[in-house]
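Have a look at the sequence and the fold, then read on.

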Amino acid sequence: MIFSKKNEKNAGSEGKEAMMPQANAIELLKKDHRTVSALFKQFEETEEDDEKVALAQQICTELSIHAEAEEKIFYPAAREALDEESEDLVDEAAVEHRSLKMLIAEIDGSSPDDQLFDANVKVLKEYVEHHVKEEEQEMFPKLKGSKMDLDAVGAQLAEMKEDIKAKMGEPKTPRAGAKPTVHVPALKGKSQASSKSTSSKASTGSTASSASAASGAKKSGSARSSSNGTRSASRSHSAH
Ligand SMILES: [Fe+2]
């Protein structure tokens with residue numbers, strides 16, 4: 001768990017304040033990035049199908065939660081804090097999230113027996129690396145010098161993430177003997193933090209709702225062609 005660490009000062013207190021993270025918004029999002037990066041590394045290093053499925057499921061779940069929290073909390077606050085020119089960075093990030101969600105939808109429901117399974121995870125990794133690089137090298141430095149209240153937004157992000165996790169469906173338990181298949185738990189309904197918002201343009205340091213839920217992505221099934229076990233790592237596209 002990334003955000004379960006209690007603030008030392010609040011360790012004895014009750015309620016949500018006791019769960020306040022020490023990380024500000026940028027530190028918190030960077031931790032998410034490192035977590036997913038480590039999971040991708042583990043995926044690359046294993047040959048075990050069960051482990052690949054478990055890791056792909058964890059990667060997709062972490063990314064879905066991360067994207068939802070960024071879209072509901074971080075990006076609206078970033079739009080408010082950045083000048084018009086720098087807002088393009090937020091637009092690009094939102095478009096990149098859309099590509100990530102399409103790939104996550106492809107991976108959801110698939111298994112290592114599917115020809116494009118490894119390729120889908122590999123391309124997802126490349127998309128994420130590109131997205132992380134842009135956020136960490138371009139957007140975050142601009143926000144550090146902006147009017148964004150990084151501590152307040154960090155607290156809201158942590159609360160939103162906990163809320164999303166609490167409302168997430170449980171992964172399906174595979175039938176005995178069934179082939180291992182990725183199941184990304186659905187993000188259910190509106191999260192508590194987003195319902196507090198009254199505007200799609202958040203005031204700095206406030207919550208906002210602006211983006212569609214990551215759970216809305218539907219599977220196209222186009223990349224799910226079952227094969228005789230041969231895995232083609234050919235890619236139809238690259239990260240950029
Ligand atoms: Fe992101």
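## Ground rules

The axes are lines fitted to C-alpha atoms, for helices over the stretch in contact, and the angles run from 0 to 180 degrees between N-to-C directions.

Keep in mind that this is a predicted model: local features need pLDDT of at least 70, side-chain atom pairs count only at pLDDT 80 or more, and totals for chains, interfaces and linings use all residues. Residues are numbered from 1 along each chain as its sequence is written.

## The overall picture

The protein chain has six helices and zero strands, where helices (H or I, at least four residues) and strands (E, at least two) are DSSP runs numbered from the N terminus.

Two residues are in contact if their C-beta atoms, placed from the backbone, lie within 7 Å. Among the contacts in the protein chain with a separation of 6 or more, 77% link residues 24 or more positions apart.

The axes of α1 and α2 come within 9 Å and cross at roughly 160°, so the two helices are roughly antiparallel to each other. Their crossing is left-handed, that is, the near helix is turned anticlockwise from the far one by less than a right angle (clockwise would be right-handed). The contact includes Ala25, Leu29 and Phe43 of α1, along with Leu55, Ile59 and Phe74 of α2. By class it has 11 nonpolar, four polar and three charged residues; here Ala, Val, Leu, Ile, Met, Phe, Trp, Tyr, Cys and Pro count as nonpolar, Asp, Glu, Lys and Arg as charged, and the others, Gly among them, as polar.

With α4, the α1 axis comes within 11 Å and again the crossing is at roughly 160°, so α1 and α4 are roughly antiparallel to each other. This crossing is left-handed too. Nine nonpolar, one polar and four charged residues make up the contact of α1 with α4.

## α2 against α4

Helix α2 (residues 49-81) and helix α4 (residues 117-144) have axes that come within 13 Å and cross at roughly 25°, and are therefore roughly parallel to each other. Ala56, Leu63, Ala78 and Ala81 in α2 meet Val121, Val128, Met139 and Leu143 in α4. That contact has eight nonpolar, no polar and no charged residues.

## Two cores

A nonpolar core is a set of buried Ala, Val, Leu, Ile, Met, Phe, Trp, Tyr and Cys residues joined through C-beta atoms within 7 Å. The largest one has 27 residues, and those with the most contacts inside it are Ala25, Phe74, Ala78, Val153 and Leu157. Its largest share, eight residues, comes from α2. Setting aside neighbours within four places in sequence, Phe74 is in contact with Ala25, Leu29, Ala69, Val153 and Leu157.

A second, separate core of 24 residues includes Leu39, Ala56, Ile104 and Leu116. Leu116 sits in the loop between α3 (87-107) and α4, and counts as buried because it has 23 C-beta neighbours inside 10 Å.

Conventions. Parallel < 35°, antiparallel > 145°, perpendicular 65-115°, else oblique. Buried ≥ 20, exposed ≤ 12 C-beta atoms within 10 Å, placed from the backbone.
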